[in-house]
Amino acid sequence: MPNSKILIVEDEGIIAMDIRRQLEDFGYEVVATAFSGGQAITLAEQSQPDLVLMDIVLKGEMDGISAAHAISETLRIPVIFLTAYSDPDTLRRAQATGAYGYLIKPFRPDELHASIEVALYKRQLEQKLKDSEQWFAKTLHCISDAVIATDGAGNIRFMNPVAEAAIGLDLEHAKGTSVEQLMTLLNQSNRAVMENPVPKTLKSRQVTSMDCATLLVNQSGHEFPVEDGAAPILDDDGSLLGAVMVFRDISERRRMEKLLRESEERFHSAFDLASIGMALIALDGGFLQVNNSLMDIFGYSKPELLQANLQMLTHAENTDNAMALRLRQLLADELPSFQIEIECYHKIVGKVVWALLSGSLVRNSDGEPQYFILQIQDITNRKFAEQQLLYLANHDPLTGLLNREQFHNRLTKALAAVQRYDTKLALMYLDLDRFKLINDTLGHRLGDLLLQSVSDRLRTSIRAQDILARLGGDEFIILLSDINKIDDAARVAEKTIDMLTQSYTLEGNNIVVTASIGISIYPDDGKDSHTLLMNADAAMYLAKERGKNNYQFYTLAMTERSLERMTIERGLRRALANNELRVHYQPQIDLASGLATCVEALVRWQHPEWGLVYPDRFIGVAEETGLIVPIGAWVLSTACKQVKSWHEHDGPFSAVAVNLSARQFLENNLYQTVKQTLVETGLNPSALELEITESAVMQDPENTLKVLQQLRELGVTLSIDDFGTGYSSLTYLRRFPVQSVKIDQTFVADISNDEGCRTLVSAIIALTHELKLNVIAEGVETEEQLAFLSKQRCDSLQGYIFSRPETSATLENEFKATQFKTQLHRYN
Ligand SMILES: Nc1nc2c(ncn2[C@@H]2O[C@@H]3COP(=O)(O)O[C@H]4[C@@H](O)[C@H](n5cnc6c(=O)[nH]c(N)nc65)O[C@@H]4COP(=O)(O)O[C@H]3[C@H]2O)c(=O)[nH]1
């Protein structure tokens, strides 16, 4: 190894120089020459040679052996002794220093060269071995497994730090001890002592694994699960040198496994016992796992479900659309999870299950899709309740027809659709005539049955594209779509009226009902739902006014009338509050005496702008709106006060006739109002006559009869007004406690020119007298009428011929009853 650095230690200068020369010839570098032991140590320290050539006998206190000892011990530099002495004692001492060679002087240069080369090579091998050992030692230090190496007898030679920690003893103390003494191995399940793998391996020369359920009990009594085993260490020729045992503490792994097991168990029990349905679904839709609730929800057993796929439960369209889309989105990572409500099949054919389905996708650690997790909640009851609520919100509970709000929606939609085409729509507003009467006389139950039967008939009569609704009470509405001509709507209205007027047999009662229909046409009578409905309603009112049981089309005049009606209604409310109402009185003349004792009270409205307004203009609105009730009460009270005042102040009249409208009879407290008025005014009931029209009586004959009887018991006189215009039912005349009948002025007006009318008036007077009732004729204007009525022995007369209705003051001042006496005597 040329260029190796060599230190020469030789106290003989010539010999040292000779050796130097030889060394340099061999190509070595001589770093220094020392002449004593002390100098050798110092120079070795400074020059760090690869080799020291050391003479044993040196001048001074320290010989070469002592110096070599110090150099190899502290500086680990190999030393070759050069000496002339080879006695055994010197050799032994030299050997003890670990010398790399020993050359006896005189030696040949080639001997020196060979000794140096051998020493340097040996030194190099030792260094490599040391490096390798260090490398192994470091590696064993770093690995996380415990490593124990033993000799052939199983005694410890090496332990890495992990093994030291596991055993609870360091290498220094453990070295030489049998591995079996340092650890006990137990079977984890029965705690039986197990054979250590090291002796086993040493015996068998085979690799031995530990049972996986092995517990290691270490020096401190601490025990923990371990795994792995032992392997034999054999040299190149197969001789057994020892065994190496490698093991690891698997407590943490066991703990993790336990946690995982527990977590899986928790998942399984949560999965199996969850109150909502749960399923793991393969990517192709097949069921991988299902829980008990899922089976309950759909009625299938676990095996049935596990052989099936999601499609079996869901409606085809769900699987194709919403649900399939969501699953695809999960796979494409476009959604983290989803929730949808879908309609599913139950095992029982025809049974529907509504499910709230929440889904997510499970991926593995590489992000690859594994399976879907679905949670399925049975929301059938909620869904049905919602549908029920929706149905109730949109339908009339009695008839099942659409209600007002829903009709509005449909109408608005129909209008939006029809605007694109040039077609017409017709709105038929239908109201049953005198339904209240049926309801009140036959009871609400039958009333309801009638409404249901009417609905059924209407339902069957309309076409699929038409819309039928009940607006409330006895009001129905029909939207006829696709009307080409207005006549089409008229035909439907006629047919509807015919169909509805066929009698109904309800719980043994034969009931006949008629209907009034108002029709408005889109776009002629309005372009929006509100206007069309309002106008159909106005037309329906016209149908009512025109005798009911007919249909009317909307006209512009109706709008004007309805505006007027609204103005009057507003005005009347104000009139009551502002005391704008007046009562005028028209005398009634007794034919026999020629005296006027009774007057009829007639209401007027002193309008601040319009002047004096007559009842024909506002009584109808007052009746429709119910304002007639307070107005009627006011007129009654005013009239009673007036007559009372005449009684007290010797006035011209002793009795008054007051009109009552049908609406007042429908109010429950009419009797109380009359009674209280009489009490408050102090008027004798015999001085009060109440006039009711025939039609008012007929609206609710039973109730009217009851009230009339009560009023009669009070002592007031009762009279039938406008007789002859309505039913003219003699049966009622007989049954009702009335004292007089008033022939309607239309008959009186026709007396002069209508023979038939004269006959009718004569018959009414004769029949009424037969029934022992008084007859009064109103609207007497001419002498001819006066003469005829006198001749027919009409009891009393009223009309312009005697006096127009006047204020009480006017009558008090101007009315002269006596002047009629002579006039009447002409006809008596
Ligand atoms: N053409 C003509 N008409 C005559 C003649 N003599 C009297 N009249 C009118 O005939 C109507 C008689 O009253 P009615 O039949 O009860 O008819 C009354 C009555 O039904 C109703 N009415 C008036 N006041 C009240 C009231 O206080 N309450 C109620 N409920 N209705 C009333 O209004 C209707 C109209 O009242 P008015 O306009 O005051 O009209 C009165 C009166 O002015 C005549 O010779 N020729």
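Leu7 stands opposite Ala32 in β2, where strands, like helices, are DSSP runs numbered from the N terminus (E, at least two residues, for strands; H or I, at least four residues, for helices). The model is a predicted one, in which local features need pLDDT of at least 70 and side-chain atom pairs count only at pLDDT 80 or more, whereas totals for chains, interfaces and linings use all residues. Residues are numbered from 1 along each chain as its sequence is written.

β1 and β2 are joined in the parallel sense over 5 bridges; two strands are taken to pair if DSSP finds at least two bridges between them. Both belong to an open sheet of 5 strands with parallel pairing, in the order β2-β1-β3-β4-β5. Because β2 (29–34) and β5 (101–104) each have a single partner strand, these edge strands are left without a neighbour in the sheet on one side. On average, neighbouring strands of this sheet are turned by 20° against each other, direction ignored. Helix α1 (residues 13–26) lies across β1, β2 and β3 and runs at about 170° to β2. For such angles, axes are lines fitted to C-alpha atoms, for helices over the stretch in contact, and the values run from 0 to 180 degrees between N-to-C directions; contact requires C-beta atoms, placed from the backbone, within 7 Å.

Helix α3 (residues 64–75) has 12 residues and should span 16 Å at 1.5 Å a residue, which agrees with the 15 Å between its end C-alpha atoms; the expected span is 1.5 Å times one less than the number of residues. Gly64, Ile65, Ala67, Ala68, His69 and Ile71 of α3 are buried, that is, 20 or more other C-beta atoms, placed from the backbone, lie within 10 Å of their own. The cover over these buried residues includes β1 (5–9), α2 (37–47), β3 (51–55), β4 (79–83) and α4 (88–96). Just after α3, Arg76 adopts a positive phi of about 55°.

A further open sheet contains 5 strands in the order β15-β14-β18-β17-β16, with antiparallel pairing. Its edge strands, β15 (287–290) and β16 (337–345), each pair on one side only. The twist from one strand to the next averages 25°. Within this sheet, β17 (residues 352–363) and β18 (residues 369–378) pair in the antiparallel sense over 9 bridges, and Phe372 in β18 is the bridge partner of Leu361. Helix α14 (residues 322–331) lies across β16, β17 and β18, at about 150° to β16.

Notes. Buried ≥ 20, exposed ≤ 12 C-beta atoms within 10 Å, placed from the backbone. Contact = placed C-beta atoms within 7 Å.
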